[in-house]
Amino acid sequence: MTPTEAKQKLIDAGLVLEAEGHHDMTRGHISVRVPGKPELFYMKPHSYGFDEMTMDNLVTCNLEGEKVEGTAPRHSEVFIHSEIFKVRPDITSVIHSHPDHAVAVSTLGRPIRAWSQPSALFVDRLGWFTETIDLIRRKDQGAGVAKALGPHSVVMMKSHGIAIAGRTIEDAVVTGIMLENACRIQLLIESAGHPLKEFPPDDIALLQDKITRLDQMAVNFEYLRRKVKRVR
Ligand SMILES: [Zn+2]
């Protein structure tokens, strides 16, 4: 992937996130490592919505969270991204957002149950960050989020939002959408009460393998990218 292709995919990912329940005014951000330079990453600028990224307003930051290129302002919560990239070389893309149902589940503090297909992705695979409701504006706070994430792809940030760590941009975006979907369904079931018995762990593990495949993430991302561009 060229730097231009990475930037374009980041811009399109923002359109998809805005359309799929991850919008909260100008809050929330997404980043991707610069191809060939894993110590740098492109990121959505501060003061713009997910759907307002352009080739000209993206900023480039390093693993200390400093802006090294770009004229637009940098998000003060850059440290969620830089600290995750620092300790997770397997991760290429990070999202932080405040989707309604995920924020509700983060506050309940209960684990995600295998009550729907998207939820299978998160059974026993969630980190929990419970240190503060405040913005993550310092390195040590970002390191706390990265520590809470551990080896997982999602960390629930109590009463605040979520951080997603993706192997690719497609992986991060589709995982974020599946998480919000899983949380919405879980809240519906908990409100109704008395669900049937869950399927056995082996059955859930089989589905986990299928829905976490990178080719499946890419297929679904490309669909969402086509859909959002048709609508616009
Ligand atoms: Zn936030």
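Colleague: Which residues in α1 meet α6, and which in α6 do they meet?

Modeller: Bear in mind that this is a predicted model. Helix α1 covers residues 3–19 and helix α6 covers residues 169–192. On the α1 side the contact uses Lys9, Leu10, Ala13, Val16 and Leu17, and what they meet in α6 is Ile169, Val173 and Gly176.

Colleague: How is α1 set against α6, roughly parallel or roughly antiparallel?

Modeller: The two axes come within 10 Å and cross at roughly 5°. Angles under 35 degrees count as roughly parallel. So α1 and α6 are roughly parallel.

Colleague: And what classes of residue make up the contact of α1 with α6?

Modeller: Lys9 is in that contact on the α1 side, and Gly176 on the α6 side. By class, the tally is six nonpolar, one polar and one charged.

Colleague: Over to α2 and α5: what do we call the way they lie to each other?

Modeller: Helix α2 is residues 78–87 and helix α5 is residues 139–149, and their axes come within 8 Å. They cross at roughly 55°. The crossing of α2 past α5 is right-handed. With that angle, the two helices are therefore oblique.

Colleague: How many nonpolar residues does the contact of α2 with α5 have?

Modeller: From α2 come Phe79, Ile80, Ser82, Glu83, Ile84 and Val87. They meet a set in α5 that includes Lys139, Gly142, Val145 and Leu149. Sorted by class, that contact has three polar residues, two charged ones and, for the class you asked about, eight nonpolar.

Colleague: Is Val59 buried or exposed?

Modeller: Val59 sits in strand β3, residues 59–62. Setting aside neighbours within four places in sequence, its contacts include Met43, Pro45, Ala72 and Arg74. A residue needs 20 or more other C-beta atoms within 10 Å to qualify as buried. Val59 has 21, so it is buried.

Colleague: How far apart are the C-alpha atoms of Val59 and Gly109?

Modeller: Along the chain, these two residues are 50 residues apart.

Colleague: Now the whole chain: what radius of gyration does it have?

Modeller: The chain comes to eight helices and eight strands, and its C-alpha trace spans about 55 × 40 × 30 Å along the principal axes. With 232 residues, a compact globule would have a radius of gyration near 17 Å. The chain agrees with that, at 17 Å.

Terms used. Residues numbered from 1 in each chain as written. Predicted model: local features only at pLDDT ≥ 70, side-chain atom pairs only at ≥ 80, totals over all residues. Axes fitted to C-alpha atoms, helices over the stretch in contact; angles between N-to-C directions. Helix = DSSP H or I, 4+ residues; strand = E, 2+ residues; numbered from the N terminus. Parallel < 35°, antiparallel > 145°, perpendicular 65-115°, else oblique. Left-handed = near helix turned anticlockwise from the far one by under 90°. Contact = placed C-beta atoms within 7 Å. Nonpolar A, V, L, I, M, F, W, Y, C, P; charged D, E, K, R; others polar. Rg over C-alpha atoms; globule rule 2.2 N^0.38 Å. Buried ≥ 20, exposed ≤ 12 C-beta atoms within 10 Å, placed from the backbone.
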